[in-house]
Each structure stands twice: as C-alpha cells, then as structure tokens.
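Trainee: I would like to learn how to read a model strand by strand. Can we take one feature at a time?

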Amino acid sequence: MGSGTGKSHSFLIKAAQIAHKDPYARIHCFDTKQISFEVLHGIPGIFIYDNPVTEMDRIWDGLYSIARLTESRYTAVREKRKKLSDFPDEWVFVDEGNDLGDRLKTYWTKTLGNTSASPAIWPEAIAAILRQGRQANVFGEWMFQDLTDRAMGGQSLKFAFGGFCAAGFLPNQFARTVGTPAEECLEGPGRILVCQGNKRTWTQGFLGDEQWLHDYALENRKGMRYEAA
Ligand SMILES: Nc1ncnc2c1ncn2[C@@H]1O[C@H](COP(=O)(O)OP(=O)(O)OP(=O)(O)O)[C@@H](O)[C@H]1O
Ligand SMILES: [Mg+2]
C-alpha cells in the first residue's frame with residue numbers, strides 16, 4: 001500500500017534469499033516502474049521484466065508463458081504423469097501491480113488493437129498463475145498500491161491470494177482490502193503487517209546493502225544455465 005514503506009526492498013530481499021538458497025528455482029520479476037529489481041540484473045535464473053517502454057510485448061508474453069507452464073504442470077500432476085516434487089520452484093514477483101494493470105490495458109487496446117476495456121490476460125493467464133500456482137510449484141507475490149478488482153482487469157482475483165501483507169495504510173483502506181476490524185498502522189520502513197485468515201502479525205523486514213544482495217543472490221548460481229519460461 002503506502003509509498004516508501006519498503007515494499008520493493010522486501011521483494012529484493014526475498015528474491016536474493018531464494019536465489020541463494022535454491023539454485024534450481026527460477027525467479028521472474030515484473031516491475032513496470034523499472035527500478036525495483038535493478039541490482040538483480042545479470043544473475044542466472046533471475047528473469048527481469050522491467051522495460052514497459054520498448055518491451056511491453058516481453059512482459060505480456062512472459063506472463064502468458066508462466067501461465068502455460070503453470071497449467072501444463074498442473075495437468076501433468078492431475079493426470080499422475082508427474083509428481084509435484086518433479087518440478088523446481090518458480091517464483092513470480094510483481095511490484096507495482098496497479099501500474100502493470102494500466103500498462104496491460106494500454107497494450108491491449110493500442111498495440112493489440114482490441115476495443116474491449118479489459119485485457120484478456122487477466123482471465124486467460126494471470127488467473128491461472130494465481131489459482132493453480134500452488135499446485136504447480138509456481139508461487140507469486142504481487143504488490144498493489146490499491147488492490148481492487150478494477151486493477152486486476154475486472155476479475156475477482158483477490159481471493160486467489162493465500163494472504164495479504166499491508167504497509168503504510170489508512171484504516172478504511174485496510175478494511176476495504178483485507179477486512180474488518182481495521183488495523184492501526186505502525187509506521188516505519190520495513191514495517192509490514194502479515195495477514196493470513198484471521199491472524200495478523202506485525203513484522204520488521206531486513207534492510208540489505210544492494211551490492212551485498214546482488215553477490216548473495218549470485219553466489220550459488222555462478223555458471224548455471226536456465227531456460228526462459
Ligand atoms: N526493512 C527496512 N528497514 C529499514 N529501511 C528500509 C527497509 N526497507 C526499505 N527501507 C528504506 O526505505 C526506502 C524505501 O524503500 P522501498 O523503495 O522498498 O519502498 P517502497 O514501499 O517500495 O516505496 P514506493 O512506494 O515508492 O515504491 C529505501 O530506500 C530504504 O532506505
Ligand atoms: Mg517500490
């Protein structure tokens with residue numbers, strides 16, 4: 001939610017921790033504001049989609065590719081051709097979801113020439129990533145300044161999330177997004193309220209030096225090769 005609360009930095013920390021701990025995991029980072037994942041460029045197995053000006057097609061296709069991967073894994077497990085443990089973890093981090101939603105809408109109308117207001121990518125691709133992801137080892141965290149159905153292409157996808165983290169919010173914004181009773185916000189960078197079901201826990205995120213995070217993310221992946229999704 002609120003600005004300057006450490007949301008982007010918490011993505012960086014998580015991505016670096018996963019990259020370090022699980023060299024087989026692929027990590028897909030979407031950020032249409034182009035700054036959040038800067039230090040993770042050039043690390044094998046971390047795919048960064050952060051150029052909405054000239055590479056909106058890559059962002060669009062990237063989400064569809066992850067959706068296809070999710071659905072094919074899900075089907076293979078359902079049909080007992082594969083076990084879930086056959087698949088490495090796949091992480092999808094999306095910073096600035098509201099901005100992404102606006103840009104997908106513009107791409108849908110201006111570049112792809114559609115006349116309907118809601119881009120098909122929400123029901124066709126993103127819904128699959130969110131709904132089937134957990135049964136396919138595809139895990140996602142999405143950041144929205146304001147999590148509404150409108151921001152998600154008019155789809156009721158909010159309940160596909162397993163939990164919510166909130167930071168820098170006003171009480172009515174919290175109640176509208178997560179539910180009542182509204183929580184009082186603790187201010188300060190890295191202060192995040194983790195909400196799962198009825199349980200709410202205030203946490204304090206780490207702050208990491210960017211070069212250190214880069215080196216830490218790279219350490220166990222040097223020389224590794226990963227296919228794109
Ligand atoms: N866990 C933390 N502990 C202390 N300081 C932090 C922490 N996380 C972030 N900060 C500080 O807060 C600043 C803003 O962090 P960040 O860019 O992650 O916020 P944000 O919520 O993504 O902001 P925006 O809404 O502008 O995108 C950082 O530059 C950093 O100095
Ligand atoms: Mg940010």
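Trainee: Which residue in β7 does Gln-196 stand opposite?

Mentor: This is a predicted model, so keep that in mind throughout. Start with the general idea. Strands of a sheet pair through backbone hydrogen bonds, either parallel or antiparallel. Here, Gln-196 stands opposite Lys-199 in β7. Strand β6 (residues 191–196) and β7 pair in the antiparallel sense, over six bridges.

Trainee: In what order do the strands of that open sheet run?

Mentor: The order is β5-β6-β7, three strands with antiparallel pairing. β5 (164–166) and β7 (199–204) are the edge strands, each pairing on one side only. From one strand to the next, the twist averages 25°.

Trainee: What is the order of the open sheet of four strands?

Mentor: Read it as β2-β1-β3-β4, with parallel pairing. Its edge strands are β2 and β4 (138–142), and each pairs on one side only. Neighbouring strands are turned by 15° against each other on average, direction ignored.

Trainee: How many bridges join β1 to β2?

Mentor: Four bridges join strand β1 (residues 26–31) to β2, and the two run parallel. His-28 has Phe-47 in β2 as its bridge partner. On to β3 (residues 90–95): β1 pairs with this strand over six bridges, again in the parallel sense. Cys-29 has Phe-93 as its bridge partner in β3. Helix α1 (residues 7–21) packs on the sheet and touches β1, β2 and β3. The direction of α1 makes about 165° with that of β3.

Trainee: Are the faces of strand β2 covered or open?

Mentor: General idea: in a regular strand the side chains alternate between the two faces of the sheet. In β2 (residues 46–49), both faces are covered. Ile-46 and Ile-48 are buried on one side, Phe-47 and Tyr-49 on the other.

Trainee: Which residues touch the most other members of the largest nonpolar core?

Mentor: Again the general idea comes before the case. In soluble globular proteins, nonpolar side chains tend to be buried together. The largest nonpolar core here has 47 residues, and Ala-15, Cys-29, Ile-46 and Ile-129 touch the most other members. Helix α4 (residues 121–132) gives the largest share of this core, seven residues. A second, separate core has eight residues, including Phe-174, Val-178, Cys-185 and Leu-193.

Trainee: What does Ile-46 touch, not counting residues up to four places away in sequence?

Mentor: Ile-46 touches Ala-15, Ala-19, Ile-27, Cys-29, Leu-40 and Ala-217. Compare Ile-43, in the loop between β1 and β2. Leaving aside neighbours within four places in sequence, Ile-43 is in contact with Ala-19, Ala-217, Leu-218 and Arg-221.

Trainee: Why does Ile-43 count as buried?

Mentor: Count its C-beta neighbours. Ile-43 is buried because it has 23 of them inside 10 Å, and the cut-off is 20 or more. Now try Thr-115, in the loop between α3 (97–111) and α4. The C-alpha atoms of Thr-115 and Ile-46 are separated by 35 Å.

Trainee: Is the peptide bond from Thr-180 to Pro-181 cis or trans?

Mentor: That bond is cis, with omega near -5°. Pro-181 sits in the loop between α5 (171–177) and β6.

Trainee: Which residues surround ligand 1?

Mentor: Among them are Ser-3, Gly-4, Thr-5, Gly-6, Lys-7, Ser-8 and His-9. The shell also includes Pro-189, Gly-190, Gly-205, Phe-206 and Leu-207. By class, the shell has three nonpolar, eight polar and one charged residues.

Definitions and conventions: Residues numbered from 1 in each chain as written. Chains lettered and ligands numbered in written order. Predicted model: local features only at pLDDT ≥ 70, side-chain atom pairs only at ≥ 80, totals over all residues. Buried ≥ 20, exposed ≤ 12 C-beta atoms within 10 Å, placed from the backbone. Pairing = 2+ DSSP bridges. Core = buried A, V, L, I, M, F, W, Y, C linked by C-beta atoms within 7 Å. Contact = placed C-beta atoms within 7 Å. Axes fitted to C-alpha atoms, helices over the stretch in contact; angles between N-to-C directions. Near = placed C-beta within 6 Å. Nonpolar A, V, L, I, M, F, W, Y, C, P; charged D, E, K, R; others polar.
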